[in-house]
Structures are given as C-alpha cells and as structure tokens.
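The following note sets out some points on the model shown below. Please read them alongside the sequence and the coordinates.

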Amino acid sequence: MSLHRFALHSLIRNALRTVLSTAAIGSLLLSSAVSAASITIDDFNQPNPEQFYVIAAINADPLLHKTAHASILGGERDLLVDVIGSAALTTAAGTVGGGVFDFGTSGPVLAMLQYDGVDADQLLPTRALVNNQGLSVDLTGGGSNNALRLDFDSIDGGPPSTPLSYTITLTSPVAGVATRTGTLAETAGPQTYLIPFASFTPSVNFTFANVSSITLTLNGGTTQPDSDFRLSLFAAVPEPHSVALLGIGGVALLMAARKRNRR
Ligand SMILES: [Ca+2]
Ligand SMILES: [Ca+2]
C-alpha cells in the first residue's frame, strides 16, 4: 500500500468513526426526544385490578363505565358500550383496566372511549356520553408527534376475517373538529397501528396543537357482530420514519466525508 493510499484509508477510517459517533449521539438525542414528546392518552392500567363489565338484554340500555385517574389524559376515561340499533338479544362483555381494554360481543355492539376531562356524562333518560371538551392538550408534543398509535394484543373482527372498524373524532376550541374513519386488520398477536395526523379530515379552527377532546369508537357504524379485541395503548407519537431519516442523513454525511477525502 502506498503512503498516499495509507493516508487516504486512515482519513476515511477517522471520518467513519466521527460520523458513527455523531450518528450514535444523534440517535440518543432523538430517542430521548421521542419519549419526551410522546403523549400517553391511555395505557389502560386503571382501574387496577381490572373490572368486569357486561350487557345482556333485548334493547339493552348502554353501559357507562367511568375511570378517574391521573395516568389517563385529562384525568378520566369515559367508556360507553352500546347496542347499534337492534331489537335482538345482544350481549357484550369484557374487562377494563389492569393494562388492557378487553372487549367481546356476538352482536352489533360498539365501544366508545372518550377523553374530555372530568365530567358527568348523561345517566338519564338513558346513559350517553356528553362531550365536555375539557382538555387543552398539544398532541404534537411541541411539533414532534404526527400520528396516533393504537396497540392491540389481538383483534378478531368477526367471521370470516373481518377488519375492526374505528372512528376517531378530535375537537379544538371554537368548533374545530377532525375525524378519521378506517379499519384495523385482524391480528392474532400484539400489533401496533399508526394513524397519521395527515389522514384526518379537519375543519376550520381545528389544530392538533390544541385538542379539547378525543373520542375513539371501535366496532361502530358497520354493525359487525362477533367482534373481539384487546386494546393495550392509545397514544400520540412521532412516526418512526423520522428515525429512518436520521439513518439516511448519516449515510449522506459519510458519503460527503469520503468525497472530501478523495480530493
Ligand atoms: Ca370525561
Ligand atoms: Ca364525557
């Protein structure tokens, strides 16, 4: 190896080392930024231990289950389990808390989770959710978050292999509203689903930087019977491609360093 080539190789080696250590520091900074920006809406750890719920009746009155705890965004989860317009005998049962919201039904029954601050909702004449719009949360976490995240232990959306339908409705002050409706594929094991902020349909005055309520409806609208799922996390997070971009940035730096050394 000529002296010139040796010098070039050690230059590249040094450049590589610098780039790799810079990338490592960048990753560390990024991962700490990610955990700082992520916002847990609900980890379903409360109540603990979990509580059993059931509705079983013809034209059953909706079930309203409220849990107040500081670990839940806004201090409270409002859960409504309701039959979707059916006169038939309908049942739904499961547990809420202890790290999971477990839901199972053999009829057209929806589950609605509302995060709107601590409120009374409606008990009479029939149980219903009332949107208190009591949150004041920047779901972007200062600009870093750009997706909602749903973690499921499992989804069995109904026979045969039917995806689970969902609707998410967000509100902002001065009548701002954004909605997103879609489906989640069945999964036998743990699965993370990301719903980008960009996929929502927003009205005038809606902003992810000031959200006053979050309502998640599962198994609604399409009257799907025989749906079972276990939901373990609801959060606002950065999309993972920002990490991939850092990787691309690292490669670009490395190529620039090699080019400089060739001259
Ligand atoms: Ca509430
Ligand atoms: Ca409410």
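1. The model is a predicted one, and the comments below should be read accordingly. F103 counts as buried because 25 C-beta neighbours lie inside 10 Å, against a cut-off of 20 or more.

2. F103 belongs to strand β6, which covers residues 100-105. If neighbours within four places in sequence are set aside, the contacts of F103 are G94, A111, D228 and F229. Between the C-alpha atoms of F103 and V81, which stand 22 residues apart along the chain, the separation is 9.4 Å.

3. The model contains an open sheet of seven strands, with antiparallel pairing. The strand order is β3-β4-β7-β13-β9-β10-β12. At the edges are β3 (63-68) and β12 (201-202), each of which pairs on one side only. In general, the strands of a sheet pair through backbone hydrogen bonds, in either a parallel or an antiparallel sense.

4. Strand β4 (residues 76-83) pairs with β3 in the antiparallel sense, over six bridges. Within this pairing, T67 has R77 of β4 as its bridge partner, and L64 stands opposite L80 of β4.

5. β4 also pairs with strand β7 (residues 109-115), again antiparallel and over six bridges. Here L79 has L113 of β7 as its bridge partner.

6. How enclosed is β4 by the rest of the structure? Seven of its eight residues are buried, and β4 is therefore largely enclosed.

Key
Residues are numbered from 1 along each chain as its sequence is written. Chains are lettered from A and ligands numbered from 1 in the order in which they are written. This is a predicted model: local features need pLDDT of at least 70, side-chain atom pairs count only at pLDDT 80 or more; totals for chains, interfaces and linings use all residues. Two strands pair if DSSP finds at least two bridges between them. Helices (H or I, at least four residues) and strands (E, at least two) are DSSP runs, numbered from the N terminus. A residue is buried if 20 or more other C-beta atoms lie within 10 Å of its own, exposed if 12 or fewer, and partly exposed in between; C-beta atoms are placed from the backbone. Two residues are in contact if their C-beta atoms, placed from the backbone, lie within 7 Å.
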